[in-house]
Amino acid sequence: MALRRSSSFSHHLLRRFSLPSIPSHPYSKSTSLPKKPERVRDHSLDAIMDIHKKLRVVLSLRDLLLPFASLQLSRLSTMARRSLSIPPADLCLFLLRHPHVFHIFEHPVQRLLFVRLTPRAVSQLNSESLALTNSVQSTILRLRKLLLLTTPLLRIRLEHIRLFRYDLGLPDDFEQSVILANPGLFRLVCKPDSDSARTKYVEFLPSDSDPPDMRMPAVERSRERDYRVSGAEAEDSRFAFPIRFPPGFKIGKYFRIAVWKWQRLPYWSPYEDISGYDLRSLEAQRRLEKRSVAMIHEILSLTVGKRTTLERIALFKQATGLPKKMKEFLLQHQGIFYVSTRGNRGKLHTVFLREAYFKGDLVDANEIYHARKKLEELILLSPKKANLERMLTSMGREGIETGFIGKERFEESDGEDSGSDSGVDTQYFE
């Protein structure tokens, strides 16, 4: 009898003082961030990609039209089908929907349909070229900071920079105009017995003209601004990242605690050389993971639009030590980054730096961004506002005889609006 009471009393104590079981909710009482959080869409940033999808097509067609004064529609259709995989019917529909960018007219002699860019489109493209020229010094600094992220190698493959040049604000001829034109800042090297672009590397060269804070990450600058404005505690803001979750993102109690602990976790700067550290401990792995967040944050901060594709970030995976599963890694930090799948039928993933955008627009815009934004606004103009009657009088036979002649005339054009901001004949417009 006494033995039975003793066992019953022991069982009662175990039930009273035992630890509670861990729930199966994805935001559990664990202080680590969830590995597979639910992805929440941000419609304001997705809308940017809907516009950028049209811009990519316009720029691709621009490259096809650039060497010619005008191009026969059937020939442009063939070239677009081969190089851009655009069916002829879709191409014609796209041209008709954007009469402020493309001018479709009938040749006065051959009686065939031709296509060329409108004067307003030429003006906007010239504005972007001028912005690239005016921003060459800041672009050089961004390229040097990108090379510094590959410490201790301090070099990046030339082919990877070429694929990243649009987001970085580099001109198409950056190899000659930026790299070879600044031998005191960059060194172009290639492997022995090889002259291929895939084996060429761009190396960083130290210079006395570099600013003293060149190795300061962008997150530290924003961290200092937030600290002065909000007056948060120094311990909480010392290693914190600006976080703004998308609308509708569910933040539970334990997830909030996990984020707070993650914000206070120290980490190595993306510009710091960690090759001599022992990274086998659990604490080192956690710091290394947060360093990867800082690395991607810095790469996005160096871009013109504070966004780039996931595939282009992956180009620097080996040089910067980024994790292998990039998409899953970015989804763990939806308050810092946003991954949009709009464009290219969901095959293209665009990564946004959330803190750089407010209500679908870039907060700290630059000259190159403004120039590209104007071209997007031209694309979004309604076709109903196109002045079709004035197009027939100002862009007819006289336009053929006095139009742009090749790439040289394209660059020399002042881009003034000659009264035709459309260029679509009424018989070909529904």
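Modeller: Helices (H or I, at least four residues) and strands (E, at least two) are DSSP runs, numbered from the N terminus. By that rule the protein has 20 helices and eleven strands. The model is predicted, so local features need pLDDT of at least 70 and side-chain atom pairs count only at pLDDT 80 or more, whereas totals for chains, interfaces and linings use all residues. Residues are numbered from 1 along each chain as its sequence is written, and side-chain values use heavy atoms, with hydrogens and water left out.

Colleague: What makes leucine 154 partly exposed?

Modeller: Buried means under 20% relative accessible area, exposed over 50%, and partly exposed in between, with a 1.4 Å probe and protein chains only. Leucine 154 has a relative accessibility of 22%, and therefore counts as partly exposed. Its place is the loop between helix 6 and strand 4, and its phi is near 60°, a positive value in a residue other than glycine.

Colleague: Why is serine 85 called exposed, and why is glutamine 263 called buried?

Modeller: Serine 85 has a relative accessible area of 61%, so it is exposed. Serine 85 lies in the loop between helix 3 (73-83) and helix 4 (88-97), and its phi too is positive, near 60°. Glutamine 263 has a relative accessible area of 11% and is therefore buried. It belongs to helix 12 (residues 253-263). Glutamine 263 and lysine 290 are 27 residues apart in sequence, with their C-alpha atoms 9.2 Å apart in space. Across the 430 residues of the protein, 45% count as buried.

Colleague: What makes helix 5 and helix 17 roughly antiparallel?

Modeller: Axes are lines fitted to C-alpha atoms, for helices over the stretch in contact, and angles run from 0 to 180 degrees between N-to-C directions. Angles under 35 degrees count as roughly parallel, over 145 as roughly antiparallel, 65 to 115 as roughly perpendicular and the rest as oblique. The axes of helix 5 (residues 119-134) and helix 17 (residues 367-380) come within 8 Å and cross at roughly 170°. Helix 5 is therefore roughly antiparallel to helix 17. The contact (heavy atoms within 4.5 Å) includes Leu125 and Leu132 of helix 5 and Ile368 and Leu375 of helix 17. Its residues comprise eight nonpolar, three polar and five charged. In these classes, Ala, Val, Leu, Ile, Met, Phe, Trp, Tyr, Cys and Pro count as nonpolar, Asp, Glu, Lys and Arg as charged, and the others, Gly among them, as polar.

Colleague: Why are helix 2 and helix 17 called roughly perpendicular?

Modeller: The axes of helix 2 and helix 17 come within 10 Å and cross at roughly 95°. Helix 2 and helix 17 are therefore roughly perpendicular to each other. Among the residues in this contact are Ile51 and Leu55 of helix 2 and Ile379 and Leu380 of helix 17.

Helix 2 and helix 4 pack at an angle of about 100°, with their axes 12 Å apart. This pair is therefore roughly perpendicular as well. Lys54, Val57, Val58 and Leu61 in helix 2 meet Leu91, Phe94 and Leu95 in helix 4. By class this contact has six nonpolar, no polar and one charged residue.

Colleague: How do you know that there is a pocket, and what volume does the second largest pocket have?

Modeller: On a 1 Å grid over the protein atoms alone, a cavity is a set of points where a 1.4 Å probe fits but cannot get out, and a pocket is an open set with protein on both sides within 12 Å along at least five of seven lines; lining residues have an atom within 4 Å of a point. Grid points are joined across faces, edges and corners, and a volume is the space filled by probe spheres set on the points. The second largest pocket has a volume of about 860 Å³. It is lined by 31 residues, with Ala218, Arg225, Ser301, Lys306 and Asp364 nearest its centre. Helix 10 supplies the largest share of that lining, six residues.
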